[in-house]
Amino acid sequence: MFNRCEKIWINVNCATMDPNIEAPYGGLKDQAVGVRDGQIVAIAPMSGLDLKAVTAELIDARGGWMTPGLIDAHTHLVYAGNRAEEFEQRLLGVSYAEIARQGGGILSTVNATRNATVEELVELSQPRLQALMAEGVTTVEIKSGYGLSLAAELNMLRAAKQLAEQNPVRVSTTLLGAHALPPEFRDDAEGYIDLVCHELIPAAAREGLADAVDVFCESIAFTPAQCDRVFRAACEHGLGIHAHAEQLSNLHGAELAARYGAWSADHLEWLDEAGVKAMAGQGTVATLLPGAFYFLRETKLPPIELLRNYRVPMAIATDLNPGSSPLASLQLMMNMACTLFRLTPEEALNGVTRHGAQALGSAADIGMLREGMLADMVLWDIAHPAELACQFGVNPIRQRIVAGEVTHV
């Protein structure tokens, strides 16, 4: 099986995250991993490999652990502007409402993003993407949602596509037109949803700029009925569905999204059992965002035990954004998922690999070490996979590999 390989990693311990392997983390020790044409073509014990007969390039892992490439399945990585002063104001006692009246909040980011060119958005976003890649992220989801106009939303998606072209990373793009009301539609939410459904979604689909559509279903954003309209438009244009749901209250947005076969429902602090059951029935992933929970100092935890009981897959993501989670570290999110949400280290690693792939509708290609999957992998200098969720601040990455090519050493 190894005679067809271009590269073979030898002496490697694999956390495959493959549920068909009955061991923690889908663990296989003392393995060889062979790659050809950007795919994994062989995973087998070293004992069965005749090194003298191998013509492929050999890379000695020296007993390190290999995992699938990490997947950040929920980010708002592309934006302009900076809201650090608002962070300081809130800590000094200024309310969010007062900050908004002063021109801050999401509209501050909207104004800055609208005034930026595609090239400027790419330049501003590159350091954030670089930080994620340096920690082993090989796939990242990037949402629009800070343009809130036809031209600005499409420019955000174009910037995300350019980032993918200029970096060794896979990017899944999401149109989040229904993120907030722009100032010109302040008193006309239905009119803005008309724009999202009849102009934004068709244009993004026509240009191939979006893989999926997202909505913010919340009392401060859009009603379930308005979100339903957006979901129907997404389905009509063959796009996947995500939902910001049950973050601040329970409007049953996750249940609604599940009825449309959503790839994921995200945040979910106020999710109830009916919503969990609906997600389980449709295979909708629960994407948990501990960074926003931490940064906003929330106290209402997502219903982790219910999600476990109904076997709803749990993804973990950064929610990287300027206002509520300006945190570009997926390894930190794994730690927070364990310390704040009480996930196990294995659940956390599943959340940024296999379940992250499911949340992006990409489970057939990425998220596991398995023959036939894309060769997106990370080699770590660790003694046990639990270290990835336990320790933060010392990056143990040895190699980051995308499509079989080593991109970080």
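Predicted model: local features only at pLDDT ≥ 70, side-chain atom pairs only at ≥ 80, totals over all residues.
Residues are numbered from 1 along each chain as its sequence is written, and side-chain values use heavy atoms, with hydrogens and water left out.

**View 1. Helix 5 and helix 6 pack at an angle of about 30°.** Their axes are 10 Å apart, each axis being a line fitted to C-alpha atoms over the stretch in contact, with angles running from 0 to 180 degrees between N-to-C directions. On the helix 5 side, the contact (heavy atoms within 4.5 Å) is made by Leu-150, Glu-153, Leu-154 and Leu-157. Helix 6 contributes Glu-199, Leu-200, Ala-203 and Ala-204. By class, these residues divide into 6 nonpolar, no polar and 2 charged. Here Ala, Val, Leu, Ile, Met, Phe, Trp, Tyr, Cys and Pro count as nonpolar, Asp, Glu, Lys and Arg as charged, and the others, Gly among them, as polar. Helices (H or I, at least four residues) and strands (E, at least two) are DSSP runs, numbered from the N terminus.

**View 2. Here are the buried residues of helix 5 and the elements they pack against.** Helix 5 covers residues 150-166, and its 17 residues should span 24 Å at 1.5 Å a residue; the expected span is 1.5 Å times one less than the number of residues. The end C-alpha atoms of helix 5 are 25 Å apart, which agrees. Look for Ala-152, Glu-153, Leu-154, Met-156, Leu-157, Ala-159, Ala-160 and Leu-163, the buried residues of this helix. Buried means under 20% relative accessible area, exposed over 50% and partly exposed in between, with a 1.4 Å probe and protein chains only. Their packing partners are helix 3 (106-114), helix 4 (118-134), strand 7 (137-143), strand 8 (170-178) and helix 6 (189-206).

**View 3. Helix 4 crosses helix 5 at roughly 55°.** The two axes come within 9 Å, and helix 4 and helix 5 are therefore oblique to each other. From helix 4, Val-118, Glu-119, Leu-121, Val-122, Ser-125, Gln-126 and Leu-129 take part in the contact. Facing them in helix 5 are Asn-155, Met-156, Arg-158, Ala-159, Gln-162, Leu-163 and Gln-166. This contact has 7 nonpolar, 5 polar and 2 charged residues.

**View 4. Helix 6 also packs with helix 7 (residues 224-236), at roughly 10°.** Their axes come within 10 Å, and the angle makes helix 6 roughly parallel to helix 7. In helix 6, Ala-189, Glu-190, Ile-193, Asp-194, Val-196, Cys-197, His-198 and Ile-201 meet Gln-226, Arg-229, Val-230, Ala-233 and Ala-234 in helix 7. The contact residues comprise 8 nonpolar, 2 polar and 3 charged. The buried residues of helix 7 include Cys-227, Asp-228 and Phe-231. Strand 8, helix 6, strand 9 (212-217), strand 10 (240-245) and helix 8 (253-259) are what the buried residues of helix 7 pack against. After helix 7 comes Gly-238, with a positive phi near 70°.

**View 5. Ala-178 sits in strand 8.** With 1% relative accessibility, Ala-178 counts as buried. Leaving aside neighbours within four places in sequence, Ala-178 touches Tyr-192, Ile-193, Val-196, Asp-214, Val-215, Phe-216, Phe-222 and Val-230.

**View 6. Phe-341 lies in the loop between helix 12 (330-339) and helix 13 (345-351).** Beyond its neighbours within four places in sequence, Phe-341 is in contact with Leu-288, Leu-289, Pro-290, Phe-293, Leu-301, Pro-302, Ile-304 and Met-336.

**View 7. Arg-297 has a positive phi of about 55° although it is not a glycine.** Most residues other than glycine have a negative phi. Arg-297 is found in the loop between helix 10 (290-295) and helix 11 (304-309). With a relative accessible area of 63%, Arg-297 is exposed.

Key
Parallel < 35°, antiparallel > 145°, perpendicular 65-115°, else oblique.
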